[in-house]
Amino acid sequence: MNTDWRFPIMIVASLVEFAVVLRLVLGADTFRRRWRAVVVVSVVVVVLGMLFGRYGALIGLPWWLYYPVPALVTVVLPPIIFRLRPARTAVYLLLALLSAPLIHAVFAFFLGWDEYLPFVPIPSLAGLLA
């Protein structure tokens, strides 16, 4: 079965999740006031990060390059761009750290899509009910 269409869906879901993280960390006023920066940072962190990870693996880059580079951008860019204070940076880092496993668990458990974090096995609901 062709699963190429899953990747764009995962990107959109990750964008929504990342926007929620930024909204929680920045607060409503800053989020609305800096919406352009939110969009740019979200595209760089999520879209470009996921594309780099996926196509970096496909073109043969070593895993220690195509996994850590997007992770480093995710960790470093938003606190710098939004000038987060240490407490907000800590909250952001915690939420960013939890966001990838969370979305992976949702995709894997409810839809059986395990390619988001293929090295973290999650049983699917359909598999458990079968």
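**Pockets and helix packing in the predicted model**

A pocket is here an open set of points on a 1 Å grid over the protein atoms alone, where a 1.4 Å probe fits, with protein on both sides within 12 Å along at least five of seven lines; lining residues have an atom within 4 Å of a point. Grid points are joined across faces, edges and corners, and a volume is the space filled by probe spheres set on the points. Of the 32 residues lining the largest pocket, Met50, Tyr67, Ala100, Tyr116 and Leu117 are the closest to its centre. Two or more lining residues come from each of helix H1 (6-26), helix H3 (35-58), helix H5 (68-81) and helix H6 (86-111), and H3 gives the most, with seven residues. Helices are DSSP runs (H or I, at least four residues), numbered from the N terminus. The lining of the largest pocket comprises 21 nonpolar, six polar and five charged residues; Ala, Val, Leu, Ile, Met, Phe, Trp, Tyr, Cys and Pro count as nonpolar, Asp, Glu, Lys and Arg as charged, and the others, Gly among them, as polar.

The model is predicted: local features need pLDDT of at least 70, side-chain atom pairs count only at pLDDT 80 or more, and totals for chains, interfaces and linings use all residues. Residues are numbered from 1 along each chain as its sequence is written, and side-chain values use heavy atoms, with hydrogens and water left out.

The second largest pocket has a volume of about 150 Å³. Its lining consists of Val25, Leu26, Thr30, Arg34, Phe82, Arg83, Leu84, Arg85 and Arg88, of which four are nonpolar, one is polar and four are charged.

H1 and H6 pack at an angle of about 155°, with their axes 10 Å apart. Axes are lines fitted to C-alpha atoms over the stretch in contact, and angles run from 0 to 180 degrees between N-to-C directions. H1 and H6 are therefore roughly antiparallel (angles over 145 degrees). Their contact (heavy atoms within 4.5 Å) involves, among others, Phe18 and Val25 of H1 and Arg88 and Leu95 of H6. By class, this contact has 15 nonpolar, two polar and two charged residues.

The axes of H3 and H5 come within 9 Å and cross at roughly 175°; these helices are therefore also roughly antiparallel to each other. Residues in the contact include Val41, Gly49 and Phe52 of H3, together with Val73, Leu77 and Ile81 of H5. The contact of H3 with H5 has 11 nonpolar, three polar and no charged residues.

Conventions:
Angles under 35 degrees count as roughly parallel, over 145 as roughly antiparallel, 65 to 115 as roughly perpendicular and the rest as oblique.
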